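Here's a walk through one protein model, from the overall layout down to a handful of side chains. Have the viewer open while you read.

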Amino acid sequence: MIVTIEWMEEWFRRFDQEYFGGKLPVPELGLTHAKTRLGQLAYKRASRWGRTKLYDFKLSMSTYYDMTDKQAKSVLLHEMIHYIIGYTGLKDTSAHGVVFKGLMDKLNSQYGWDIRVSTSTKGWKVSETVRSRKEKKGPQIYLMLAIEMNDGRHYLSRVNPSFARRIENQLKTVREVVSHQWYTTMENYFEDYPQVRSLRGRRISKADFGKLLNVLTPFQL
């Protein structure tokens, strides 16, 4: 199934009544095409007198995959756990801390859901819309940026080409950068990398850094 706004609203209301005591107003709902982020809860934050309040919640789900009914509902419940924690002002030890895991484990054990902190989508069915779009576009060329820091850390980014020149100029001002190199590649492996518009990347080990460079072609920006 491909999730819709109508589906999200219907099951949000049902789950709120069944599992969350009817406490949650329906937030703004949205759809994305994200491959790696199946669901997301966004909000605004305001601080006053030493207290922080979250508001303007938006709950989004991805239409990238043709999910099973249980997969989709488990993703929705994952985001609803985040929502009730934020909406009621509960304090947790981290984004997926003690409170989150306690609610997650309760829903899984008592009601048979498969809510997870991090869900692997290996083997999941890609939606027909996404497959058709990829076939029309043909092979994709990715612009990659490899960075080595003076403390030995290595980072790799997939960069939006429209922002490459801006990022190149930013690199010149970062003293911690020992070296950097631009590359291109058509390897599908890098499809999982989020396409960035600013100077940030995915930290990888030195060994993996060396291996990945073997499938990249140097590029002069």
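**Ground rules**

This is a predicted model, so to speak of a local feature takes pLDDT of at least 70, side-chain atom pairs count only at pLDDT 80 or more, and totals for chains, interfaces and linings use all residues. Residues are numbered from 1 along each chain as its sequence is written, and side-chain values use heavy atoms, with hydrogens and water left out.

**The big picture**

The protein has six helices and nine strands. Both kinds are DSSP runs numbered from the N terminus: helices are H or I with at least four residues, strands are E with at least two. Along the principal axes, the C-alpha atoms fill a box of roughly 55 × 50 × 30 Å.

The domain assignment gives domain 1 (3-126) and domain 2 (138-216); such bounds come from an automatic or database domain assignment. Taken over C-alpha atoms, the centres of domain 1 and domain 2 are 31 Å apart.

Of the 221 residues, 37% count as buried. Buried here means under 20% relative accessible area, exposed means over 50%, and partly exposed is in between (1.4 Å probe, protein chains only). As for contacts (heavy atoms within 4.5 Å), take those with a separation of 6 or more: residues 24 or more positions apart account for 68% of them.

**Strands S1, S2 and S3**

Two strands pair if DSSP finds at least two bridges between them. S3 pairs with S1 in the parallel sense over five bridges, and with S2 in the antiparallel sense over nine bridges. S2 and S3 form a hairpin with two residues between them, and Trp 49 in the turn has a positive phi of about 55°.

**Charged pairs**

How many salt bridges are there? The count comes to eight, going by a side-chain nitrogen of Lys or Arg within 4 Å of a carboxyl oxygen of Asp or Glu.

| Lys | Partner | N to O distance |
|---|---|---|
| Lys 58 | Glu 28 | 3.8 Å |
| Lys 44 | Asp 56 | 3.4 Å |
| Lys 73 | Asp 69 | 2.8 Å |

Lys 58 sits in strand S3 (residues 51-62) and Glu 28 in strand S1 (residues 28-32), so this pair ties together parts that are 30 residues apart in sequence. Lys 58 is partly exposed, at a relative accessible area of 32%.

Asp 56 counts as partly exposed at 47% relative accessibility, and Lys 44 counts as partly exposed at 46%.

Lys 73 and Asp 69 both lie in helix H2 (residues 69-88), four residues apart, or about one turn of the helix. Is Lys 73 buried or exposed? Lys 73 counts as buried, at 7% relative accessibility, while Asp 69 is partly exposed at 38%.

**Helix H2**

H2 has 20 residues and reaches 28 Å from its first C-alpha to its last, close to the 28 Å expected at 1.5 Å a residue. That expected span is 1.5 Å times one less than the number of residues. H2 is mostly covered, with 15 of its 20 residues buried. After H2 comes Gly 89, whose phi is positive, near 80°.

Met 104 is in helix H3 (residues 98-111) and is buried, with a relative accessible area of 8%. Which residues does Met 104 contact, leaving aside neighbours within four places in sequence? They are Ile 81, Ile 115, Arg 116 and Val 117. Lys 125 is 21 residues away from Met 104 along the chain, and their C-alpha atoms are separated by 25 Å.

Ser 157 lies in strand S5 (residues 154-159) and counts as buried at 4% relative accessibility. Not counting residues up to four places away in sequence, Ser 157 touches Leu 143, Met 144, Leu 145, Val 196, Arg 200 and Gly 201. A polar atom of the Ser 157 side chain lies 2.5 Å from the backbone oxygen of Arg 200.

How values were computed. Polar contact = N/O pair within 3.5 Å; in protein donor to acceptor, adjacent residues only side chain to side chain.
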